[in-house]
Amino acid sequence: MPTTHDFLERCDKLAVMGGTFDPIHNGHIAVANAVLKEFSPRRVLFMPGGHPPHKPPVTDGEHRFNMALAAVCENPAFDVSRLEIDRKGRSYTVDTISELRKICPVGAEIYFIIGADALMEILTWEGAERLLSMCEMIAVHRPGYKLDEQFIKNLRENYGAKIHIFEGPLLEISGTEIRNNFSHGQGGIVPRCVEDYARSHGLYGTEANPFEKAKAQLKSRLSPRRFHHTLGTVIEAEKLAAHYGADVNKARWAALLHDCAKEYSSAKKRALCELWGIPLDPIFESRIDLTHSLLGAESARRDYLVTDPEILQAIARHTTGGANMTLLDKIILLADFIEPHRDHYPPLLEMRRHAYKNLNKALRIGMKSTVNDLLERGNAVHPATRAALKELKQTETGGHYGKNRSFGTKNRT
């Protein structure tokens, strides 16, 4: 892909932020925003390093460019350059600034954002004297680092350097730490779009056993009680799927993520429904906590990169059921009802007694009990639940579904 910088031809004030960006993280974004506010450049240009001499990147340049672009593209004052990753051989900052000087208007102000510790070593850089003459330095303090004022004075007096000491955001984030977090299923230090990109491309060890990584993420986000219930639902869903000839892997994923949005606050659930364009009928509107199934499906897609429509539907339907349920829909609903860690409640033993003999009957017992409970409390019953109960009653007498026997709706989505 060729390097194009047409957007800089009219940029008379530019701030350049270099780095390996392996990956770009929230600290980079915070510093860039602070520089934008303090120095008012027309553009902050992120420059992923190609083959820097001091700090070789772990990840291919194309991935690092794409992650940086995803992280900043919505900010109208930010952009990303391919100049260094497209350059063959070593990437020296002096060559980069020289190239930018040729693109920007004559006399343009160019700032180079640099860590204060790196500034102390700048005379060891290739073409350091020429670099100091071509741009102004914005030296950003790092936590716990003490500047050598005499060295800075020397740069100014002997090299004509223009140096701005900038006490910006004190965000010290190690790229190694971020990559280790990824390999253990943790994120949060990078923009969400960067985390999604890294996971979807298997970067930083994320390709190994995605189910276990998703489970680790859930463990850190759910209460111990909710996570315990989730693991029980996974166990039961796997057993039911194997018994009835369904896809066991789909069942375990749907079961794992069915309550991933359960513990969001009511306000957050309402805000996410609006943000993600999830329509609310009157019952969902009045009982917003029910939407955790709909939000769970969307979170499974966005946060855990699940794309299978049958899995997403099973998650979305596990609170209300619905017409024309698939075998997977029914398995997740029933597993949620009868998982082995459930505290005892009136229909539990009866459902477990029928679960591996007649799934429809077991499920109808549970849903009917839920409906009765709702009516006793004066709550409305969702139409999807009524439709599910009607179909379950019709199919319940159609036979007992034993091992390796499946419903006619198994492959419907």
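How many bridges join β1 to β2, and do these strands run parallel or antiparallel? Six, and the two run parallel. This is a predicted model, so local features need pLDDT of at least 70 and side-chain atom pairs count only at pLDDT 80 or more, while totals for chains, interfaces and linings use all residues. Residues are numbered from 1 along each chain as its sequence is written, and side-chain values use heavy atoms, with hydrogens and water left out.

**View 1. β2 and its strand partners.** Helices (H or I, at least four residues) and strands (E, at least two) are DSSP runs, numbered from the N terminus, and strands pair if DSSP finds at least two bridges between them. L45 is the bridge partner of V16 and also of D79 in β3. β2 and β3 (residues 78–80) pair in the parallel sense over three bridges.

**View 2. What sits over α4.** Helix α4 (residues 93–103) has T93, V94, T96, I97, S98 and L100 buried.

**View 3. Around L257.** L257 touches L218, A300, Y304, V306 and I315, leaving aside residues up to four places away in sequence.

Definitions and conventions:
Contact = heavy atoms within 4.5 Å. Buried < 20%, exposed > 50% of the residue type's maximum accessible area, 1.4 Å probe, protein only.
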